[in-house]
Amino acid sequence: MKLLRLPGLIDIHVHLRDPGEIQKEDFYTGTLSALAGGVTTVFDMPNNIVPIFSRKSLLEKLSVAKSKAVCDFGLYFGSIGDNISEFEKAAADVIGLKVYLSLTTGKYVLGDEDKLKIIFQNWPKQKIIVFHAERDRIDLVIRLMEKYGNKVHITHVTTKDGLEKIIAAKSDNLPLTCDVTPHHLFLTDTSGVIVKPALSTKKDQDFLWNNLKSIDCLVSDHAPHTISEKKSDKPPSGVPGVETMLPLMLTEVKKGRLSVNELIRLTSTSPRKIFNLPQDDSAYIEVDTAEEYIIENKSLFTKCAWSPYAGWQVAGRVKKVYLHRKLAFENGKLLVSQGFGNYLH
Ligand code: NCD
Ligand code: ZN
Ligand code: ZN
């Protein structure tokens, strides 16, 4: 046994599917899955069946989340450019705005550049806008943030080309940050796994690993779909991952590919800074970095009950998770009740 204490991880990109698709996940199973992976804070995306485009749908989701969450959580507001009048009614209650500029689950994609400009003009400047932006959409976002002075975060960077554009904008001192997912770090376009943005080549993946210092956060993009949906002729894109992110990364720490400090920066220090979250010493975890085990579908807490990493050997078992100074999860057992998680905004 070799115990390592880490700050509870902050995962700023998950889809807990509640309300609307609780056959895939819900706020209880999703946040339990988070705790099992050492994650004590999740930020949930707005692409629900009824999207979080109004104060009404936001409050409905909030009431579900408050009653079920076992880890801390924040919520994003969403927009395809038709709900500007809702911005001031919602902004104070969310951690940021999420905008999809490329097609993905939910099909809430914004194609109209004029509408995008209106979003930039109307969303509060000090509050972040998170973009799903691929290829030329990255250039567009950088151009507009420069013009309108917004704080922007580009989620799930996948390619050398995309990250290079972000690195260039950062060196121009734009308030731009970005993140990467485990699946883009561990799987490539030959793996057959369907996710958006699509998995890239080994060459792109090497570039991401070699430039981790220019990436701000690590996010799971936990996107559960049922096994039968994933096995169908038209599988939806997305993979679950909030529970497997830390063991996968700790395995790379063991191999010397990144340091523990780098991991803390990506999963705690940087997300706190970007989202103005105060330091929280009451959320921490203990992992046994010596314990090696095989990821198995049957041991997962996510309701969808599968993982693209099933069968992978990892090093690093989450033993204890403390939240609000209380032992909330220990050796695979939840020790707090639904509603224990705090709402962050
Ligand atoms: C996500 C989902 O299923 O909600 N899917 C995915 O492939 N990543 C949406 C998204 O993050 O683009
Ligand atoms: Zn996305
Ligand atoms: Zn996502």
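The paragraphs below lead through the charged pairs of this structure and then through one of its metal sites.

This is a predicted model, in which local features need pLDDT of at least 70 and side-chain atom pairs count only at pLDDT 80 or more, while totals for chains, interfaces and linings use all residues. Residues are numbered from 1 along each chain as its sequence is written, chains are lettered from A and ligands numbered from 1 in the order in which they are written, and side-chain values use heavy atoms, with hydrogens and water left out.

We can begin with the salt bridges, a term that stands for a side-chain nitrogen of Lys or Arg within 4 Å of a carboxyl oxygen of Asp or Glu. A search of the whole structure finds 25 of them. One of these joins the side chains of Arg-55 and Asp-93, with 2.6 Å from N to O. Arg-55 belongs to helix α2 (residues 55-68), whereas Asp-93 sits in the loop between α3 (84-90) and β5 (96-100), so this pair ties together parts that are 38 residues apart in sequence. Helices (H or I, at least four residues) and strands (E, at least two) are DSSP runs, numbered from the N terminus. Arg-55 has 27% relative accessibility and therefore counts as partly exposed, a class that lies between buried (under 20% relative accessible area) and exposed (over 50%), using a 1.4 Å probe and protein chains only.

Another salt bridge links the side chains of Glu-113 and Arg-143, at 3.7 Å from N to O. Because Glu-113 lies in helix α4 (residues 113-122) and Arg-143 in helix α5 (residues 136-148), the pair ties together parts that are 30 residues apart in sequence. Glu-113, at 30% relative accessibility, is partly exposed, and Arg-143 is partly exposed with a relative accessible area of 48%.

The zinc ion (ligand 2) is coordinated by His-132 through ND1 and by His-156 through NE2, at 2.0 to 2.1 Å. His-132 is in strand β6 (residues 129-132) and His-156 in the loop between β7 (152-154) and α6 (160-171), so the two tie together parts that are 24 residues apart in sequence. His-132 counts as buried at 1% relative accessibility, and His-156 is buried with a relative accessible area of 3%. Donors here are N, O and S atoms within 2.8 Å of the metal (3.2 Å for Na, K and Ca), and since water is not among the atoms, sites may look incomplete. Finally, 3.9 Å separate the zinc ion (ligand 2) from the zinc ion (ligand 3).
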